[in-house]
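Look through the structure below before reading the points.

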Amino acid sequence: MNGFTLNLLLAVVWMLFVGEVSLRELVVGFLLGFGILAVFPRALGSGGYVGRSLAVLGFVGFFLRELTVANVHMALLALRPHPRLNPMIVAVPLRLQGDVAQTLLAAVIALMPGTVAMGFSADRRTLYAHAIGSATPQAARDSITRVEDRLLRVTSPQPLSEEPA
């Protein structure tokens, strides 16, 4: 049984235990079930699920923060009388593998103001992106690499204490 199914089962058991079938009790049961799975990852075999769920939540928080910072930065550039846009095209070596992960990286970069993914090299080991507002090409590469780092945590999370001691 995978972690999500077990978590959902624990939520349903919680609803039956409380005696009230409602969305509120399902959410409470889901959160309690997630807590149980996080506390006993080895016994329940849920370390991968918990690790991946925490990585996704971390990525969502990171993305919202980066999106806000990029929007404020672009708004400040737009308000200046003579903004220094520094338009550039950068090549970023990729560690992400697989079409889904690389497409997600390109989509996330495109959602952030100031950067647009232009495409991949033929061997799909390099991402080409257009960036404005960055001081140097290395700063633009670093900002894309930070997004890639977070996506790597999502695509290959470390399980929580699942390895034998």
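The largest pocket of this predicted model has a lining of 18 residues. Those nearest the centre of the pocket are Glu66, Ala70, Pro113, Ser134 and Ser143. Helix H4 (47-79) and helix H6 (137-155) are the elements that give two or more residues to this lining.

**The largest pocket**

- The space in the largest pocket comes to about 300 Å³.
- By class, the lining of the largest pocket holds 10 nonpolar, six polar and two charged residues.

**Helices H4 and H6**

- The axes of H4 and H6 lie 8 Å apart, and the two helices pack at an angle of about 160°.
- Angles over 145 degrees count as roughly antiparallel, so H4 and H6 are roughly antiparallel to each other.
- H4 and H6 cross in a left-handed way.
- On the H4 side, the contact is made by Arg52, Ala55, Val56, Gly58, Phe59, Phe62 and Glu66.
- On the H6 side, the contact is made by Arg146, Val147, Arg150, Leu151, Arg153, Val154 and Thr155.
- The contact of H4 with H6 has seven nonpolar, two polar and five charged residues.
- Glu66 of H4 belongs to this contact, and Glu66 is also one of the residues nearest the centre of the largest pocket.

**Helices H2 and H4**

- Helix H2 (residues 23-39) and H4 have axes that come within 9 Å and cross at roughly 120°.
- H2 and H4 are therefore oblique to each other.
- The crossing of H2 with H4 is left-handed.
- From H2, Phe30, Phe34, Leu37 and Ala38 take part in the contact, and they meet Tyr49, Val50, Ser53 and Leu54 in H4.
- In the contact of H2 with H4, seven residues are nonpolar, one is polar and none is charged.

**Helices H5 and H6**

- Helix H5 (residues 99-111) packs against H6 at an angle of about 140°, and their axes are 10 Å apart.
- This angle makes H5 oblique to H6.
- The crossing of H5 and H6 is right-handed.
- H5 contributes Ala101, Leu104, Leu105, Val108 and Ile109 to the contact, while H6 contributes Ile144, Val147, Glu148, Leu151 and Thr155.
- The contact of H5 with H6 is made up of eight nonpolar residues, one polar and one charged.
- Val147, Leu151 and Thr155 of H6 take part in the contact with H5, and these H6 residues also take part in the contact with H4.

How values were computed. Residues numbered from 1 in each chain as written. Predicted model: local features only at pLDDT ≥ 70, side-chain atom pairs only at ≥ 80, totals over all residues. Heavy atoms only, no water. 1 Å grid on protein atoms, 1.4 Å probe; cavity = no way out; pocket = protein on both sides within 12 Å on 5 of 7 lines; lining within 4 Å. Points joined across faces, edges and corners; volume = space filled by probe spheres on them. Helix = DSSP H or I, 4+ residues; strand = E, 2+ residues; numbered from the N terminus. Nonpolar A, V, L, I, M, F, W, Y, C, P; charged D, E, K, R; others polar. Axes fitted to C-alpha atoms, helices over the stretch in contact; angles between N-to-C directions. Parallel < 35°, antiparallel > 145°, perpendicular 65-115°, else oblique. Left-handed = near helix turned anticlockwise from the far one by under 90°. Contact = heavy atoms within 4.5 Å.
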